[in-house]
Amino acid sequence: MKISRLIPVVLFVAVLLFVYWLYALPTVNSQPISQSPESIARGEYLLAAGGCVSCHISDDGDLSGGLALESEFGTFYAPNITPDMETGIGGWSGEDFLLAMQHGRKSGGGFYFPAFPYRSYAGVTDEDVLDIAAYLMAQEPVNKTVPAHDTPPWLSQWLMPGWNVMANILQGSAQEVSVSDGNDTDLATLERGAYLVRNLGHCGECHTPRNALGIMNLSREFAGGPFEDGTIEAIDGNALANWTEDDFSFFLFLGMKPDEEFVGGKMEPVIEHNTSKLTEADQQAMAAFFKSLAVD
């Protein structure tokens with residue numbers, strides 16, 4: 001067979017392999033969800049650290065969702081994450097939780113939109129994901145159907161593989177701010193703070209600028225981002241130059257700034273349901289991480 005006849009075949013196979021690579025489910029550890037009181041208690045704490053409550057809490061105080069997240073790409077509704085078999089996550093396995101949180105994938109092969117911050121959660125450990133699962137599965141199920149996402153006709157979940165590849169390329173080439181041990185804070189504290197801020201707390205999802213495709217610009221990490229009712233404040237080294245670590249730690253606990261004004265807007269429920277629930281050590285770790293960011 002002539003080489004010229006082989007070229008289309010090779011290209012066709014290459015395209016098939018590329019498509020398979022894009023859409024295939026990632027391999028994750030298949031682990032059971034613990035029912036131990038220790039895992040459930042730890043999961044409750046991690047749920048607060050992960051910012052889950054402020055988005056998924058309903059008007060009735062449960063985790064049946066419904067919060068509308070408006071963006072230039074449409075309106076996304078936080079889903080029901082109670083263990084209801086019909087409208088929630090009652091049938092989820094440990095593998096389902098790992099696929100969703102670390103990869104933005106549904107067990108049936110579908111994709112979540114990045115309004116669900118799976119790209120930040122990708123750095124969350126398996127143990128922490130499964131402990132969150134343990135807590136959620138121990139809650140009372142609530143039968144509640146939230147509205148479907150209201151997105152433009154052209155925006156489909158099946159575009160997400162390509163979007164993720166572009167995000168990997170663009171963010172991989174960015175000069176992401178690293179954790180530095182060039183101050184008086186021990187490295188373990190800075191690493192804990194970075195984990196809470198960048199991964200579990202996913203602070204950059206709101207506080208980092210994005211390009212026209214909605215991909216975070218990590219070269220300007222925490223420099224402020226757009227939102228439906230204005231601009232989210234910057235929380236990078238420049239913005240926090242006049243804050244002390246104690247200022248920021250107290251802010252995470254009570255929501256009060258150094259000028260003695262209290263935070264409002266979208267950050268208020270984050271303080272109430274999430275950061276105020278953290279231990280003082282974790283609040284201090286987050287503060288230490290933010291204060292370690294270089295000022296230009």
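Colleague: What makes strand 1 and strand 2 a pair?

Modeller: This is a predicted model, to begin with. Two strands pair if there are at least two bridges between them. Strand 1 (residues 68–71) and strand 2 (residues 74–77) have four, in the antiparallel sense, so they count as a pair. E70, for instance, stands opposite T75 in strand 2, and the two strands form a hairpin with two residues between them.

Colleague: Why do you call H202 buried?

Modeller: Buried means under 20% relative accessible area. H202 comes out at 15%, so it counts as buried.

Colleague: And E260, is it buried or exposed?

Modeller: Exposed takes over 50%, and E260 has 61%, so exposed it is. E260 also has a positive phi, about 70°, without being a glycine. Its place is the loop between helix 10 (245–254) and helix 11 (267–273).

Colleague: On to the rings. How many aromatic pairs are there?

Modeller: The structure holds 16.

Colleague: Why is the pair of Y23 and W158 called tilted?

Modeller: The ring centres are 6.0 Å apart, and the limit for a pair is 6.5 Å. Planes under 30 degrees apart would be stacked and over 60 edge-to-face; these are at 35°, so the pair is tilted. The pair links distant parts of the chain, with Y23 in helix 1 and W158 in the loop between helix 6 (126–137) and helix 7, 135 residues apart.

Colleague: What makes W92 and F97 edge-to-face?

Modeller: The angle between their planes is 70°, and over 60 is what the label asks for. Their centres are 5.0 Å apart. W92 is partly exposed at 26%, whereas F97, at 3%, is buried.

Colleague: Which residues do ring pairs link into a cluster?

Modeller: F222, W243, F248, F251, F289 and F290.

Colleague: How do you know that the charged end of R105 sits over the ring of F111?

Modeller: The distance must be within 6 Å of the ring centre, and the charge within 35 degrees of the ring normal. For R105 the distance is 3.9 Å. K106 sits over the ring of Y112 in that sense as well, 5.4 Å from its centre.

Colleague: What makes the largest cavity a cavity rather than a pocket?

Modeller: A 1.4 Å probe fits in a cavity but cannot get out, whereas a pocket is open. The structure holds one cavity of 30 Å³ or more, and the largest has a volume of about 60 Å³. Helix 5 and helix 7 are the elements giving two or more residues to its lining. By class, that lining has seven nonpolar, two polar and three charged residues.

Colleague: And which helix gives the most to the lining of the second largest pocket?

Modeller: Helix 7, with five residues. The pocket holds about 380 Å³ of space and is lined by 16 residues, with H103, R119, N164, V165 and N168 nearest its centre. Nine of the lining residues are nonpolar, five polar and two charged.

Technical notes
Residues numbered from 1 in each chain as written. Predicted model: local features only at pLDDT ≥ 70, side-chain atom pairs only at ≥ 80, totals over all residues. Heavy atoms only, no water. 1 Å grid on protein atoms, 1.4 Å probe; cavity = no way out; pocket = protein on both sides within 12 Å on 5 of 7 lines; lining within 4 Å. Points joined across faces, edges and corners; volume = space filled by probe spheres on them. Nonpolar A, V, L, I, M, F, W, Y, C, P; charged D, E, K, R; others polar. Buried < 20%, exposed > 50% of the residue type's maximum accessible area, 1.4 Å probe, protein only.
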